[in-house]
Amino acid sequence: MKVVLIGVGQAGGKVTQALAEFDNRMGFDAVRGALAVNSAKADLQSLSIDTCLIGQARVNGHGVGGDNELGAEIMQEDTGEVMGQLDGRITAEAEGIFVVAGLGGGTGSGGAPVLVRELARVYDIPVYALGVLPGRDEGAMYQANAGRSLKTLVREADSTLLVDNDAWHSSGDSVGDAFDAINQAIAQRVGLLLASGEAIEGVGESVVDSSEVINTFREGEISALGYASATASEDSAENINTAMSTARQALFTGTSLPDARTADAALLVVAGRPESIPRKGVERARRMVEDETGSLQVRGGDFPLDSDRLAALVLLSGVERSDRMEEFMKRAREANEQQAESDADPAAQFQNDELNDLF
């Protein structure tokens with residue numbers, strides 16, 4: 001699946017760079033362009049991908065300080081500049097655009113929905129959002145920002161793939177190491193998903209193509225991505241149990257939204273050397289995903305990859321009714337109520353009725 005990546009805000013820029021580097025390192029060639037957009041000049045200077053500084057007239061390159069309303073205003077004012085930088089980068093071969101952002105900050109959470117809306121207006125290909133939710137221990141402002149941003153992203157994007165900051169965070173890591181590890185985990189998992197529709201090496205029995213990825217992303221739905229891997233045997237018959245166990249691990253403990261298993265649609269991708277991928281194992285794993293998610297729309301297939309491991313990717317679409325999402329939305333409402341106590345017009349910031357209708 002050939003895509004163009006646009007990172008908005010500090011986290012969005014770092015995740016976009018990690019994705020572009022992973023794709024280049026693996027030789028997948030799925031990422032056909034990458035741009036980082038931010039209102040903080042210092043955050044852009046640390047990146048090696050192309051960058052676009054916005055909001056110079058308002059914040060002079062110093063960022064918005066977590067104010068996502070200001071982030072949205074700046075993006076609205078400078079959308080033309082961003083679209084100008086994208087001119088010529090989004091070509092006919094692109095099958096989708098991913099806008100990547102951390103949903104708890106200011107520029108990303110405020111600017112990403114504005115940019116998604118403009119991209120959807122201009123281009124005829126799907127525009128997806130890849131959003132990173134703040135962890136439970138991050139402050140009330142980040143929770144409230146993410147709640148507001150998510151509400152708008154779900155409305156504007158063709159699909160919103162969510163990553164919980166707590167999902168792949170190892171206890172004991174420093175803050176910097178934890179975020180770096182999360183960025184690399186996102187890059188590996190999303191990078192493999194995007195590349196799974198591309199011809200790499202070898203011929204699988206039932207190779208996944210990009211249309212199956214696109215069709216699994218259901219318009220207006222929230223998605224999650226699971227991943228697990230294990231050492232593979234050279235004999236595919238011996239890997240039947242390995243395919244089953246990695247698929248279960250990807251679904252039960254390896255998803256980007258912990259405890260998100262009920263879904264409207266799903267895609268199972270088993271990656272490895274063609275001779276190591278067991279057809280029976282893939283089909284059994286697909287039926288297991290069908291049973292566990294309650295969905296009758298579960299696609300499954302191979303991803304030929306030169307590796308001594310067998311990996312399972314599970315893309316779940318329509319997970320907004322999961323326990324994890326309910327927990328997050330509760331946190332976001334509580335955080336908004338805390339902010340509302342000192343705000344003259346809290347209703348303008350957060351529409352609970354809209355959120356209840358959505359979820």
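Predicted model: local features only at pLDDT ≥ 70, side-chain atom pairs only at ≥ 80, totals over all residues.

Student: What share of the chain's residues count as buried?
Tutor: The chain has 359 residues.

Student: Of the contacts with a separation of 6 or more, what percentage comes from residues 24 or more positions apart?
Tutor: A contact means heavy atoms within 4.5 Å. Among contacts in the chain with a separation of 6 or more, the percentage from residues 24 or more positions apart is 80%.

Student: Is L103 buried or exposed?
Tutor: L103 sits in the loop between β4 (96–102) and α5. Setting aside neighbours within four places in sequence, L103 touches several residues, among them S109, V132, Y142 and L162. L103 has 0% relative accessibility, so it counts as buried.

Student: Which word describes how α4 and α5 lie relative to each other?
Tutor: Two packed helices are described by the angle between their axes and the distance between the axes. Axes are lines fitted to C-alpha atoms, for helices over the stretch in contact, with angles from 0 to 180 degrees between N-to-C directions; angles under 35 degrees count as roughly parallel, over 145 as roughly antiparallel, 65 to 115 as roughly perpendicular and the rest as oblique. Here the axes of α4 (residues 68–86) and α5 (residues 107–122) come within 8 Å and cross at roughly 40°. The two helices are therefore oblique.

Student: How many nonpolar, polar and charged residues make the contact of α4 with α5?
Tutor: Residues of α4 including A72, M75 and V82 meet residues of α5 including V114, L115 and E118. Ala, Val, Leu, Ile, Met, Phe, Trp, Tyr, Cys and Pro count as nonpolar, Asp, Glu, Lys and Arg as charged, and the others, Gly among them, as polar. By class, the contact of α4 with α5 has nine nonpolar, eight polar and two charged residues.

Student: What is the handedness of the crossing of α6 and α11?
Tutor: The axes of α6 (residues 140–156) and α11 (residues 323–340) come within 8 Å and cross at roughly 115°. A crossing is left-handed if the near helix is turned anticlockwise from the far one by less than a right angle, and right-handed if clockwise. The crossing of α6 and α11 is left-handed.

Student: What kind of aromatic pair do F98 and F217 form?
Tutor: Rings of Phe, Tyr and Trp (its six-membered ring) pair if their centres lie within 6.5 Å; planes under 30 degrees apart count as stacked, over 60 as edge-to-face and the rest as tilted. The structure holds five aromatic pairs. For F98 and F217, the centres are 6.2 Å apart and the planes are at 70°, and this pair is edge-to-face.

Student: Which residues lie at the two ends of the tilted pair that includes F217, and are they buried or exposed?
Tutor: The rings of Y128 and F217 have their centres 4.8 Å apart and their planes at 35°, so the pair is tilted. Y128 lies in strand β5 (residues 127–133) and F217 in the loop between α8 and β7, so the pair ties together parts 89 residues apart in sequence. The two residues are Y128 and F217, and both are buried.

Student: What is the phi of D29?
Tutor: Most residues other than glycine have a negative phi. D29 lies in the loop between α1 (9–26) and β2 (31–38), and its relative accessible area of 41% makes it partly exposed. Although D29 is not a glycine, its phi is positive, at about 65°.

Key. Residues numbered from 1 in each chain as written. Heavy atoms only, no water. Helix = DSSP H or I, 4+ residues; strand = E, 2+ residues; numbered from the N terminus. Buried < 20%, exposed > 50% of the residue type's maximum accessible area, 1.4 Å probe, protein only.
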